[in-house]
Amino acid sequence: MREGAQPAADRLRATRISTPALRAPALRAIVLGAAAGGGFPQWNCRCPVCALAWDGDPRVRPRTQSSLAVTADGRDFLLLNASPDLGAQIRATPALQPRRDAGPRDSPIRAVVLTNGDVDHIAGLLTLREKAPLALFATAETRAAVTANPLFAVLDPALVSWTEIVPGRPFEPLPGLAVEAFAVPGKVPLYLEGDAVEIGTETGSTIGLSITAGGVRLAYVPGCAAVTPALVRRLSGADALLFDGTVYADGEMLTAGVGTKTGRRMGHLPVGGPDGSLALLAAVAVGRRVFVHVNNTNPMLVEGSPERRAVEAAGWTVAEDGTEIALPARTAGEDASWPSPPDISTLPPSPPPAPSPTASSSTSPTTGR
Ligand code: MLT
Ligand code: MN
Ligand code: ZN
């Protein structure tokens with residue numbers, strides 16, 4: 001639990017993922033919000049997983065909507081997406097608060113990179129409207145989606161700049177922090193969907209990011225409809241991978257009775273199953289594997305659930321708000337290859353879930369799928 005956090009977030013626990021601190025981190029990432037759109041629990045939802053959160057079950061922790069903060073120097077920060085919960089995220093994160101030595105108006109947040117135009121990734125721009133200099137980076141598609149809405153004209157063009165991201169062309173949103181975007185199979189934002197929406201197109205509507213500083217690399221892919229050979233090549237060798245963990249089972253929103261869309265229809269491949277991200281990324285060598293953008297229906301949010309055990313057995317962690325990833329600089333000649341994760345096919349089956357004090361077995365998040 002971090003200083004300055006909201007009382008409602010009392011049960012949030014920040015986790016720290018880092019190699020031994022022999023060197024100052026070259027790249028530090030703070031998960032500001034680990035949940036998908038709607039957050040966890042979602043305001044109007046009593047699906048089996050949200051029910052646990054509303055009822056205070058200690059196996060689940062609330063999470064705010066999707067965003068990451070990264071820094072190379074520990075002083076200036078780049079946001080990867082701007083969550084509707086950004087205000088609360090800043091209040092919970094001392095590193096993002098106005099600094100003591102910087103006068104009456106200040107923010108360590110200097111720039112924002114958008115990976116798509118979804119509401120959970122752009123609404124926080126409105127929180128950043130208070131006449132502060134800010135550099136925004138987005139593809140032409142995402143910028144057009146945002147600026148088509150007159151509400152975003154509150155971002156004063158005298159202070160807020162837009163720079164177009166072209167996939168494959170590196171840029172430096174902050175000194176010492178190099179970013180390269182790559183197109184990821186996705187779709188247009190929900191509010192731009194027409195009658196026939198194409199899923200899995202590789203346009204500028206959905207991008208992944210490769211962030212490099214001090215010779216270490218973090219890959220951030222909060223939305224992904226499919227794992228392609230090109231994506232596997234992009235992710236291979238990253239020191240940390242933060243990947244789309246929206247749904248565990250493609251049909252879990254239907255099973256829970258809270259929606260009519262599959263994960264794939266929303267542009268998110270599932271985590272589980274033979275064609276899910278756990279299986280498709282198993283052979284990709286990366287340093288750390290962390291699921292972000294987790295939907296409130298996803299049973300891997302429940303500690304000890306079979307789904308949580310399965311992702312942990314495969315070498316993944318499920319991000320929480322406040323999870324930090326500190327990557328020490330790699331010196332010249334140091335090996336950057338990563339061992340493959342454990343072979344999950346040889347692991348014993350997960351034990352049955354612990355009985356839930358709040359949910360009957362028919363509504364348990366770990367059953368009925
Ligand atoms: C998504 O990730 O699919 C979107 O955030 C959905 C939405 O716009 O609510
Ligand atoms: Mn989203
Ligand atoms: Zn829910």
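Trainee: Why is Tyr191 called partly exposed?
Mentor: In this predicted model, Tyr191 has a relative accessible area of 38%. Buried means under 20% and exposed means over 50%. The value of 38% falls in between, so Tyr191 is partly exposed.

Trainee: Where is Tyr191 placed?
Mentor: Tyr191 sits in the loop between strand E9 (177–183) and strand E10 (207–213).

Trainee: Which residues make the nonpolar surface patch of about 280 Å²?
Mentor: Val119, Tyr191 and Leu192 make it. A patch residue needs over 30% relative accessible area. Tyr191, at 38%, passes that cut-off.

Trainee: What makes Lys131 and Asp156 a salt bridge?
Mentor: Their closest N and O atoms are 2.8 Å apart. The cut-off is within 4 Å, so the pair qualifies.

Trainee: Why does this pair tie together parts that are 25 residues apart in sequence?
Mentor: Because Lys131 lies in the loop between helix H3 (119–122) and strand E6 (134–138), while Asp156 lies in the loop between helix H4 (140–147) and strand E7 (160–164).

Trainee: Is Lys131 buried or exposed?
Mentor: Lys131 has 57% relative accessibility. Exposed means over 50%, so Lys131 counts as exposed.

Trainee: And why is Asp156 called buried?
Mentor: Its relative accessible area is 19%. That is under 20%, so Asp156 is buried.

Trainee: How do you know that Lys187 and Glu193 meet in a salt bridge?
Mentor: The N to O distance is 3.0 Å. That is within 4 Å, so the pair counts.

Trainee: Why are Lys187 and Glu193 called buried?
Mentor: Lys187 has a relative accessible area of 10%. Glu193 has 18% relative accessibility. Each value is under 20%, so each residue counts as buried.

Trainee: What makes Arg330 and Asp239 a salt bridge?
Mentor: The closest N and O atoms are 2.1 Å apart. That is within 4 Å, so the pair passes. The two residues link distant parts of the chain, 91 residues apart. Arg330 is in the segment after strand E15 (324–328). Asp239 is in the loop between helix H5 (229–235) and strand E12 (240–244). Both Arg330 and Asp239 are buried.

Trainee: How many salt bridges does the structure hold?
Mentor: It holds 17.

Note on methods:
Residues numbered from 1 in each chain as written. Chains lettered and ligands numbered in written order. Predicted model: local features only at pLDDT ≥ 70, side-chain atom pairs only at ≥ 80, totals over all residues. Heavy atoms only, no water. Patch = residues over 30% accessible without salt bridge, like charges linked within 9 Å, V, L, I, M, F, W, Y side chains within 5 Å. Areas by Shrake-Rupley, 256 points an atom, 1.4 Å probe, with all protein chains shown as cover. Salt bridge = Lys/Arg side-chain N within 4 Å of Asp/Glu carboxyl O. Helix = DSSP H or I, 4+ residues; strand = E, 2+ residues; numbered from the N terminus. Buried < 20%, exposed > 50% of the residue type's maximum accessible area, 1.4 Å probe, protein only.
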